[in-house]
Amino acid sequence: MNRIVIDVSSLLREVGREESYRKKIELSALVKNSDTIDFSGPVEVDLRLTNTGSGIFVKGKVKGELRLNCSRCLCDFDMPAEIELQELYAEEEPEEERFRIVGETIDIGPAVDEAFMLEVPIAPLCDAACRGICPVCGGNLNFEECEHEVQKYDDRLKVLEKWLKEHGGR
Ligand SMILES: [Zn+2]
Ligand SMILES: [Zn+2]
């Protein structure tokens with residue numbers, strides 16, 4: 001679980017006060033079920049923090065890239081992901097414990113982790129048109145034409161030619 005601790009002491013002094021928080025941060029891998037999902041680089045945090053009187057309202061975006069594994073060709077690839085945060089952190093009785101202001105700081109790490117987790121597709125694809133791996137030889141069909149794939153392609157072409165002939169296409 002990542003920790004992104006922000007000092008809100010100056011914000012707490014005055015209701016209505018606003019501050020922006022912009023930073024590049026290295027995050028450790030997300031853990032989803034038994035899988036870990038790495039970030040390919042630092043994330044860019046761009047937030048606006050406001051003392052609303054009932055707490056510190058955090059609104060903004062975090063941009064990053066997740067390193068995923070394609071469910072079709074099994075290659076690693078980087079998926080850009082951008083999450084939006086909109087959370088109220090309070091000193092007393094926050095909705096959940098992780099939204100509590102502790103010692104004039106807030107930790108947005110858990111909320112960021114959770115939001116990125118929701119961005120991870122159930123069956124990630126390196127490309128919508130990923131051709132996967134050949135079930136016969138195991139070759140990655142995005143990078144190589146194996147004889148098995150060519151065979152399939154020829155068959156499809158024959159079907160198309162037949163259809164065109166029958167329908168007077170040529
Ligand atoms: Zn793929
Ligand atoms: Zn093959």
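This dialogue walks through a few features of the predicted model shown above.

Reader: What should I know about numbering and confidence before I start?

Author: Residues count from 1 along each chain as its sequence is written, while chains are lettered from A and ligands numbered from 1 in the order in which they are written. The model is predicted, so local features need pLDDT of at least 70 and side-chain atom pairs count only at pLDDT 80 or more, but totals for chains, interfaces and linings use all residues.

Reader: How many helices and strands does the protein have?

Author: Both are DSSP runs, numbered from the N terminus: helices are H or I with at least four residues, strands are E with at least two. Here there are 3 helices and 8 strands. Along the sequence they read β-α-β-β-β-β-β-β-β-α-α.

Reader: Which order do the strands take in the open sheet?

Author: Two strands pair if DSSP finds at least two bridges between them. The open sheet has 4 strands in the order 2-5-6-7, paired antiparallel. Strand 2 (18-25) and strand 7 (76-89) are the edges; each has a single partner strand, so one side of each lacks a neighbour in the sheet. On average, neighbouring strands are turned by 15° against each other, direction ignored.

Reader: How many bridges join strand 2 and strand 5?

Author: Strand 2 pairs with strand 5 (residues 43-51) over 8 bridges, in the antiparallel sense. One example is lysine 24, whose bridge partner in strand 5 is glutamate 44.

Reader: Which strands does helix 2 lie across?

Author: Axes are lines fitted to C-alpha atoms, for helices over the stretch in contact; angles run from 0 to 180 degrees between N-to-C directions. Contact means C-beta atoms, placed from the backbone, within 7 Å. Helix 2 (residues 109-119) lies across strand 6 (56-69) and strand 7, at about 135° to strand 7.

Reader: What is the radius of gyration of the protein?

Author: The radius is taken over C-alpha atoms; the globule rule is 2.2 Å times the number of residues to the power 0.38. A compact globule of 170 residues would be near 15 Å, but this protein has 25 Å. Its C-alpha atoms fill a box of roughly 80 × 35 × 25 Å along the principal axes. Buried residues make up 16% of the 170.

Methods
Two residues are in contact if their C-beta atoms, placed from the backbone, lie within 7 Å. A residue is buried if 20 or more other C-beta atoms lie within 10 Å of its own, exposed if 12 or fewer, and partly exposed in between; C-beta atoms are placed from the backbone.
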